[in-house]
Structures are given as C-alpha cells and as structure tokens.
Amino acid sequence: MRAQGLSLVIAALVAWPGAVAQGPPLSELTKSFVSVDAQVVALTHVTVIDGTGAGPKADQTVVISNGRISAVGPFASVNIPANATVLDRSGHTVIPGLVGMHDHTFYTNSAGRRAQLNTSAPRLYLAAGVTSIRTTGSISPYAEISLKDQIEKGKVPGPRMHISGPYLTGPDDVVERMHITTPEQARRVVNYWADEGATWFKVYTEISRANLRAITDAAHKRGVKVTGHLCSVGYKEAVEAGIDALEHGLMANLEYVPGKQPDACPAMDRATYLALDVNGPRAQETFKAMVAKGVPMTSTLAVYEISIPNRPPLDQRVLDAMSTDVRAEYVATRERLAANAANNPSLAMLKKAMEYELAFVKAGGTLAAGVDPTGNGGALPGYGDQRNYELLIEAGFQPGQVVQIMSANGAKVLGQKDLGTVQNGKIADLVLLRGDLAANPVAIRNVVTVFKDGRGFDAPKLIESVKGLVGIR
Ligand SMILES: [Zn+2]
C-alpha cells in the first residue's frame with residue numbers, strides 16, 4: 001500500500017505543469033547535453049518522414065507530451081496544448097530515432113587497433129540520431145552491460161542498448177572471440193551470458209552447423225536471439241538451424257561459392273558473385289527461406305564502402321573524432337587504397353550487394369541497417385549509420401523506405417513496439433535535422449536535436465565532447 005501511495009505522489013509530480021520530460025533522472029553530466037527538457041513540446045512547420053515507409057509530409061506539427069508523441073499531423077489541424085514549449089522548426093525534417101542494428105561499442109581498424117569506446121561510441125551514436133543500438137557482437141560484454149546500466153540510470157548520455165554476449169565462432173586465431181568446439185560448451189556459454197543480461201548472440205564466420213543449432217536451441221529457451229556474420233554456414237543452412245537474423249547481406253552469404261564444403265568457410269569467389277542474378281533462382285531461394293521464417297537481414301553498406309578507393313569522400317567530422325594516431329592510420333589506409341585503385345574490385349561488389357538488398361526487400365524481406373565500426377576504421381559509430389542512409393538511397397530505395405529500414409524495421413526486429421515511427425502514442429525518440437532530407441540525402445548529417453524519451457539532446461555539443469577520442473576511449 002505504501003508503494004502505491006508513493007507512485008501516486010510521483011505521478012502527480014510528473015503531471016505538474018513545467019515538470020521535465022519522462023525518462024530517468026539525469027546526472028549533471030548527462031543534463032549538460034540536454035537542450036530541450038519540457039513536459040510538452042511542439043515542433044511546428046517541420047517535414048516528417050515517419051518511418052512507416054510513407055513519403056515526406058510537409059508543414060507538420062509533432063507534439064511530445066511526457067516523453068511520448070501525443071499528436072502528429074498538418075500544422076493547420078493539430079491542436080497545440082496551451083502549456084507546450086513551441087519550437088518553430090521550418091526548414092527542418094523530423095524522422096524517428098534510428099535503430100542501429102550492427103552498432104558495436106568497440107572500434108577496430110586495419111592497422112591492428114582495437115579499442116572499447118565506452119565514452120565516444122554512445123555519444124556519437126546519440127549525436128548522429130541513433131537512439132537504439134544492438135551491439136551485435138561484443139569484445140567486452142561486461143563493459144557493455146555496465147554502459148547500458150549507466151545510460152538507463154541517466155548517468156551518461158547514450159542510446160538504448162541491446163547487449164550481445166561474446167562472438168561465438170569455431171577455431172580461428174582471434175583471441176577476443178569465443179571458440180566454440182562442442183554443443184555442450186555452446187549451451188554453457190549461452191546460458192552464462194543470458195544470465196548476465198545478453199539478449200542477443202552473434203555467431204561468427206567459423207561456426208559449425210551443429211554448434212549453431214546448439215546455440216539457437218539454448219538461446220531460444222532463454223528468450224534470447226541469435227544473429228550471425230556467417231561464412232562456414234550458408235544463409236539457407238542458418239535459417240534451417242534456427243537463426244533469428246543475418247548480418248551483412250550478400251558478402252557474408254558464401255552459399256553461392258561453387259563447390260562450397262559443409263562447415264568450411266571458402267574464399268569469396270568474386271566472378272560468381274558479380275555474375276549472380278539477384279532475381280534468379282539461387283538468390284530467390286535464399287530470400288524465400290528467410291521470408292518464410294521471418295528472418296531479417298542487416299545492411300552494413302558503410303563498412304563495405306570504405307574498401308573502395310576514395311570513398312566515402314573524406315569527411316572532416318570523421319577525422320576530428322579520431323585520435324591523432326588513428327587519423328594517421330586512416331589517412332594512410334585511404335592513400336594505399338587510392339594508389340591501387342585500378343585493381344580494386346570493391347565498387348562492383350558493393351553495387352552487387354546493393355542489388356541483393358533491394359531484391360530481398362522486393363521479395364518481402366525485412367531489411368534493417370547498422371554501421372559496424374570495424375573494417376579499415378573509416379565507418380565511425382553514428383557517422384557510419386548516417387552514411388548508410390546515403391548508400392541505401394544510392395542503392396535505389398526511396399527516402400521513406402530508407403527511414404523505415406533504419407528505424408521501424410530495427411525496432412521490429414528488436415521487438416520494440418513503442419519505438420521506430422513518428423506516430424501518436426509512440427515513445428518520443430526523434431531526430432530533428434536541418435534541411436529537406438527527402439530532397440537532399442546529405443541532410444542526414446545535419447542533426448540538430450535528438451529526442452530520447454522526449455528529452456532533446458544537443459547533437460553538436462555531444463560531438464564536441466568526444467573530439468579526438470575514437471581509438472582511445
Ligand atoms: Zn560486426
């Protein structure tokens with residue numbers, strides 16, 4: 001009874017005019033990044049791309065009340081509550097908070113650097129408009145569990161986090177992954193990390209079919225899901241073995257390599273892959289198997305693009321975020337790629353990967369997206385997610401579809417019914433961008449304010465706070 005009385009008092013406080021938005025109480029540090037914190041906020045005269053797949057709608061009003069979206073529609077027809085803080089944002093676009101489905105909290109590059117980024121990654125994700133992440137493979141699961149806890153308690157700024165256990169693979173030479181050799185071990189590891197708070201596992205390139213099956217069985221018994229960056233197991237085999245999602249699209253599905261042996265990871269056969277007809281029977285069989293079991297695919301075009309000479313165009317924001325050494329390594333990598341541009345097959349492969357993703361969606365598949373801040377180190381947390389927007393447009397998707405892929409589809413895969421779209425009743429995770437995103441994809445970079453639980457975070461201030469930290473912390 002006492003607890004009930006207390007919650008009534010709290011409810012009364014929250015409803016008091018002038019009270020702050022919903023969400024946890026914030027530390028002084030987190031508060032220092034908040035620029036909009038009112039119980040009721042109306043963003044007026046904005047263009048909305050709502051995440052349902054619909055196209056842009058001009059001159060809209062979005063009302064946020066107590067951390068939720070309470071109204072969205074044409075300026076002329078939405079009633080603005082008398083107690084609202086009204087922000088006229090004509091010339092701006094509002095999209096749902098992005099859901100980054102391959103958004104590690106660590107960083108690697110091709111110079112051998114590997115760093116857990118518990119300070120810079122969460123701030124860069126949030127600043128870029130990514131309000132939810134699935135870490136999709138962890139090299140420091142405890143660091144992620146602690147970070148998630150700190151964010152949920154308002155101690156540090158960052159996105160909502162869906163935590164993974166360690167990478168689960170077969171024998172390889174990489175020390176930071178778990179080498180699973182028996183189904184018994186697989187079950188033990190899954191149960192251990194499920195107890196500690198992992199809600200997803202990521203299987204990696206050397207996993208065997210038998211161990212994958214043990215992992216999915218054990219995980220599903222715990223209500224935990226499994227995704228994979230595969231090689232030894234093809235997509236159709238993985239779907240058969242109960243996998244819940246597949247990462248990276250075409251380049252991680254080696255089932256089309258001629259003569260592929262079961263449980264063996266073959267080299268990429270570029271000639272076969274470049275000739276693959278994405279509307280032909282082989283690709284369509286894969287899509288059919290995935291769609292039948294509701295298995296989504298995560299697009300990670302930004303991490304593939306960085307292998308292409310002179311792509312993406314050098315981005316000063318990326319250089320500024322990097323530590324001095326990491327910046328030098330990245331610039332050297334770019335110069336090396338540019339010097340060997342004539343023989344680089346990456347652009348043709350990227351185009352084929354784009355075709356594959358477009359065909360998957362056309363076949364009824366659920367495509368989500370994430371950055372994967374690894375590879376040669378040029379796709380950073382948040383900035384790489386934004387680059388995915390531009391690349392999915394380049395792939396041939398419409399702006400409304402791309403927003404859906406990057407928000408609602410991720411929320412659906414994560415089972416987050418209250419997130420992912422700009423619709424009445426949803427949690428107010430929103431991104432306010434300067435410019436007309438539908439007309440100009442680069443506007444995805446112009447994040448002004450990122451709302452999480454209805455609180456507006458100052459994107460430039462978050463970015464400023466982590467200058468020079470990528471590669472360090
Ligand atoms: Zn990854």
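1. Two strands count as paired if DSSP finds at least two bridges between them. Strands (E, at least two residues) and helices (H or I, at least four residues) are DSSP runs, numbered from the N terminus. In this structure, three bridges join strand S7 to strand S10 (residues 130-134), and the two run parallel.

2. The model is predicted: local features need pLDDT of at least 70, side-chain atom pairs count only at pLDDT 80 or more, and totals for chains, interfaces and linings use all residues. Residue numbers start from 1 along each chain as its sequence is written.

3. Strands S7, S10 and S11 form an open sheet in the order S7-S10-S11, with parallel pairing. Its edge strands, S7 (98-100) and S11 (160-162), each pair on one side only. On average, neighbouring strands of this sheet are turned by 20 degrees against each other, direction ignored; the axes are lines fitted to C-alpha atoms, and angles run from 0 to 180 degrees between N-to-C directions. Within S10, Ser-132 is the bridge partner of Val-99.

4. The protein chain is assigned domain 1 (17-96 + 421-464) and domain 2 (98-413); such bounds come from an automatic or database domain assignment. The C-alpha centres of the two domains lie 29 Å apart.

5. Where do the domains touch? In all, 33 residues of domain 1 are in contact (C-beta atoms, placed from the backbone, within 7 Å) with 25 residues of domain 2. On the domain 1 side, the elements giving two or more residues are helix H2 (28-31), strand S6 (92-96), strand S20 (447-452) and helix H17 (459-464).

Note on methods
Contact = placed C-beta atoms within 7 Å.
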